[in-house]
Amino acid sequence: MQTFVTKIVDMMKAEKLYSWQGGPIILQQIENEYGNIQSKYGQAGKRYMQWAAQMALGLDTGIPWVMCRQTDAPEQILDTCNAFYCDGFQPNSYNKPKIWTEDWDGWYANWGGPLPHRPAKDSAFAVARFYQRGGSLQNYYMYFGGTNFARTAGGPLQITSYDYDAPVNEYGM
């Protein structure tokens, strides 16, 4: 993992993509929802999370790192919310901004099941409430849907569409 992350960071620096270099990258993520399974690994899970955070910080990228759904993220790492609703989310420190990295506008679909749908009104209300309650940054997941090919969907029964009820569907509509 360290070899891979270092390679990606070096590529971003070489292409001058970080904000301090004039590029568009203002945040980066080192783990996604590891906090959901960390407890299954006991102390080894906690050590891994701390190692990942320290490894990322050691790459000296000059912009913040985030860990989504990581309530015990170290002080130098931003813990963020991924969910349908994040208005009740509070970072694990008063020194951190309230960030919603994955505003789920839909869900994946299984073969033979209904296509999940989240009304735009519900999403708009959730975003407004998030900002009303101190939110700093919100990001849609997904904003633009896609298609998985060659049986590469997320699970054995999931359809190949990854439209996710996104505002812009997999066909660009």
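The largest pocket holds about 170 Å³ of space. A pocket here is an open set of points on a 1 Å grid over the protein atoms alone, where a 1.4 Å probe fits, with protein on both sides within 12 Å along at least five of seven lines; lining residues have an atom within 4 Å of a point. The model is predicted, so local features need pLDDT of at least 70 and side-chain atom pairs pLDDT 80 or more, whereas totals for chains, interfaces and linings use all residues. Residues are numbered from 1 along each chain as its sequence is written, and side-chain values use heavy atoms, without hydrogens and water.

The lining includes Phe4, Ile8, Tyr18, Gln28 and Trp65. Helix H1 (2-14) and strand S1 (28-32) are the elements that give two or more residues to this lining, and H1 gives the most, with five. By class, nine lining residues are nonpolar, two are polar and none is charged.

Gln138 belongs to strand S5 (residues 137-141). Beyond four places in sequence, Gln138 touches Trp100, Asp103, Val127, Phe130 and Tyr131, contact meaning heavy atoms within 4.5 Å. With Asp103, the Gln138 side chain forms a side-chain polar contact of 2.9 Å, that is, a pair of N or O atoms within 3.5 Å, one able to donate a hydrogen and the other to accept it.

Gln158 lies in the loop between strands S6 (146-147) and S7 (161-162). Gln158 is likewise classed as buried because its relative accessibility is 13%. Its contacts beyond four places in sequence are Tyr108, Ala109, Asn110, Trp111 and Ala153.

Conventions
Grid points are joined across faces, edges and corners, and a volume is the space filled by probe spheres set on the points. Helices (H or I, at least four residues) and strands (E, at least two) are DSSP runs, numbered from the N terminus. Ala, Val, Leu, Ile, Met, Phe, Trp, Tyr, Cys and Pro count as nonpolar, Asp, Glu, Lys and Arg as charged, and the others, Gly among them, as polar. Buried means under 20% relative accessible area, exposed over 50%, partly exposed in between (1.4 Å probe, protein chains only).
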